[in-house]
Each structure stands twice: as structure tokens, then as C-alpha cells.
Amino acid sequence: MTECTAITPDSASIIRAPSLYSDEQVAGWRQVTDAFHAAGGSIFCHLWHGGRCSHVSLQPGASAPVAPSPIAAEGLIFTLEGRVAYSLPRAIEIREIDALVAAFAAATRRACSAGFDGVKLHAAFGYLPDQFLQDGSNHRTNGYGGPIVNRARFLFEVVDAMIDAWDARRVGVKISPANTSYGISDSDPLATFGHAIRGLSVRGIGYLHLMEPGQADFDKGPLAVPNVIDTFGPMFEGPIIGNCRFDRGRANAAIAAGKVAMVSFGRLFVANPDLPARFAQGAAMNPPDYATFYGEGPKGYIDYPTLS
């Protein structure tokens with residue numbers, strides 16, 4: 001799975017993020033997908049819109065980022081000028097939503113043209129679909145806000161458009177019911193994410209990518225849903241990929257128990273580019289250097305030592 005991949009020029013939340021909204025980018029990605037297939041691998045593109053998790057310096061014309069409501073994300077964002085506060089977003093207008101949904105569909109078609117094996121919607125981690133879904137970030141009073149059936153509307157419209165652009169089996173969705181990053185929150189996550197997951201299940205998507213809470217989420221206090229996969233997994237009829245705070249032993253146990261079909265690794269893989277070999281040999285792991293995440297240059301990106 002790729003890193004977050006921007007669907008439009010104004011959707012990025014990371015400096016120099018990969019993107020998929022032009023023919024040139026399709027050609028560039030084709031080199032990547034060809035290399036994966038030549039090595040016997042498969043690769044999905046992680047389609048993404050950061051919404052309020054952005055900064056004016058990353059936006060075309062230094063405009064305000066869009067969000068369901070004009071509520072700034074919490075924390076700091078890495079820009080070319082260093083780490084700064086997230087910019088105050090503007091509330092996206094109803095007339096703009098159809099075009100935004102169409103942009104997800106267009107990126108899905110481009111992913112197919114670029115040779116990807118599928119796409120994954122990033123609806124987790126406080127990014128735009130998550131911002132619409134959770135009532136802490138969505139204070140709208142129209143058809144995209146208020147009760148959960150309205151707040152889930154954007155998520156379902158995007159997923160339906162992506163399915164129409166390719167095939168339900170080629171579309172996955174990543175969600176994080178217990179994540180608190182960037183100040184994202186909901187007053188009733190059991191009801192909110194239960195509705196969302198059941199809605200995704202009936203659409204027959206290829207898989208659901210469920211994120212367990214991270215240590216930072218636990219550090220903020222008691223969580224309403226401390227065990228995401230145990231709580232929400234039974235609501236989804238299809239393959240589930242687990243993510244967050246897994247090591248080799250915990251991942252194998254979750255697979256053996258039938259809770260998940262697979263487990264994905266992010267930070268552990270960044271710090272250990274030869275992770276499969278380390279798992280196979282029971283070798284020690286390099287610790288991640290969090291200070292280098294989402295930054296620039298080779299440090300923390302291509303300089304972690306391998307076993308060899």
C-alpha cells in the first residue's frame with residue numbers, strides 16, 4: 001500500500017506528498033507498479049484528502065484548506081518553514097461536494113491506468129472523510145451534518161463513486177474508530193462507526209482496514225473503544241486488515257484466531273526495511289526515529305540499517 005496519495009492539488013497534508021491527478025503522475029506511478037509486479041508483488045494506491053489537516057503554504061494560492069466545518073486541527077504540521085499550527089479551514093460548500101466526490105472517482109480510474117491492483121480510501125486518522133463522519137469535527141446543519149446518517153453520507157458517496165469507477169473488490173477502506181489524532185473525536189463512536197462499517201459491508205468492498213488505537217490515544221485517557229477489531233470486526237462481512245501496535249506475535253495470533261485476514265505494518269516497516277527477513281529470523285528491530293517522520297531528506301527514510 002502506498003503512502004497517502006493526494007487526489008487533487010489542494011488535498012495534500014504533507015510536503016511533497018505523492019499525488020495522482022495528472023497524466024504525468026500516472027506515468028510515474030506506472031514505473032512503480034511495474035517494479036512491484038516484476039517482483040511478484042501487488043500494490044494498492046492509498047487515495048487521500050487531508051481536509052483540515054493542512055496549511056495554507058501547502059494549498060494552491062495559499063488558500064484555506066477545506067473541511068466540513070471551520071474548526072482547525074490540533075497539533076503541528078511539518079512545512080518548508082518547520083513545524084507550525086494547522087491553518088483554520090473553511091467549510092466546504094454543498095455545491096463543491098459533487099466535484100470532490102468525482103475527484104476520488106477520477107483518481108481511482110487513474111490508479112487503474114497506472115497499473116495498481118486496487119485502491120484504498122483513507123477514511124481514517126482525522127482526514128476529510130473522517131472529519132465528515134465524526135461529530136467533533138462536523139458541525140454542519142445540512143444534509144451532510146447532524147445525525148449519523150447525514151455525517152456518513154460523504155463517506156458512502158465517495159466509496160460508491162470509487163466502486164463505480166472500477167470494481168467493489170478493488171476498493172478498500174481504512175478507518176480508525178479510536179484514533180484521536182489532530183483532535184478528531186465523536187460523542188458516540190460505537191454508533192457512528194457501527195453505522196459506517198455496516199454500510200461498507202453491504203457494499204461488498206474488497207477489505208476493511210481497521211486501525212487499533214495507538215499509544216498516543218491511550219495516553220490521552222480512557223478510550224470508548226479500546227479494542228477496535230474485537231468490537232467492530234464482527235460487523236463487517238469480508239476480509240479485515242489489522243493495523244497499529246502489532247508485532248509479529250500479536251499479528252500471528254490475530255490471524256490464527258480469525259479476527260483478521262492480514263496485518264499491515266507502518267512505522268515498524270519504515271524503521272526496518274527488511275522487516276520480513278527480521279520476522280523470519282526472529283531478529284531485533286530498529287526503533288523508529290519519530291522526529292524524522294513526514295520530513296525531508298534521507299535521514300529516517302533510507303538510512304535505517306538492514307541485517308546485512
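# A walk through the predicted model

Ser 19 counts as buried, at a relative accessible area of 13%, where buried means under 20% relative accessible area, exposed over 50% and partly exposed in between (1.4 Å probe, protein chains only). This is a predicted model, in which local features need pLDDT of at least 70 and side-chain atom pairs count only at pLDDT 80 or more, while totals for chains, interfaces and linings use all residues. Residues are numbered from 1 along each chain as its sequence is written, and side-chain values use heavy atoms, with hydrogens and water left out.

Ser 19 sits in the loop between β1 (4-6) and α1 (23-38); helices (H or I, at least four residues) and strands (E, at least two) are DSSP runs, numbered from the N terminus. Neighbours within four places in sequence aside, Ser 19 is in contact with Thr 5, Ala 6, Gln 25 and Trp 29, contact meaning heavy atoms within 4.5 Å. A polar atom of the Ser 19 side chain also lies 3.4 Å from the backbone oxygen of Ala 17.

Next comes strand β7 (residues 118-122). Five of its five residues are buried, so β7 is largely enclosed by the rest of the structure. In a regular strand the side chains alternate between the two faces of the sheet. In β7, Gly 118, Lys 120 and His 122 are on one side, Val 119 and Leu 121 are on the other, and all are buried. Strand β2 (residues 44-48) runs parallel to β7 and is joined to it by four bridges; two strands pair if DSSP finds at least two bridges between them. Leu 47 has Leu 121 in β7 as its bridge partner. Four bridges also join β7 to strand β8 (residues 171-175), again in parallel, and the partner of His 122 in β8 is Lys 174.

An antiparallel case is found in strand β4 (residues 76-79), which four bridges join to β5. The two form a hairpin with two residues between them, and Phe 78 has Arg 83 in β5 as its bridge partner. Pro 89 is buried because its relative accessibility is 3%. Not counting residues up to four places away in sequence, Pro 89 touches Arg 52, Pro 65, Val 66, Ala 67, Ser 69, Pro 70, Ile 71 and Ala 72.

Helix α9 (residues 248-256) has a side-chain contact at its start: an oxygen of the Asp 247 side chain reaches to within 3.3 Å of the backbone nitrogen of Gly 249. After α9 comes Gly 258, with a positive phi near 80°.

Arg 278 belongs to helix α11 (residues 275-281). Is this charged residue buried or exposed? Arg 278 is buried, with a relative accessible area of 5%. Its side chain reaches the backbone oxygen of Ala 284 at 2.6 Å. Residues touched by Arg 278, beyond those up to four places away in sequence, include Asn 272, Met 285, Pro 305 and Leu 307. Arg 278 and Arg 248 are 30 residues apart in sequence and 9.8 Å apart in space, C-alpha to C-alpha.

The last stop is the second largest pocket, lined by 15 residues, of which Ala 178, Asn 179, Thr 180, Leu 223 and Ala 224 lie nearest its centre. On a 1 Å grid over the protein atoms alone, a pocket is an open set of points with protein on both sides within 12 Å along at least five of seven lines, and lining residues have an atom within 4 Å of a point.

Conventions:
1 Å grid on protein atoms, 1.4 Å probe; cavity = no way out; pocket = protein on both sides within 12 Å on 5 of 7 lines; lining within 4 Å. Polar contact = N/O pair within 3.5 Å; in protein donor to acceptor, adjacent residues only side chain to side chain.
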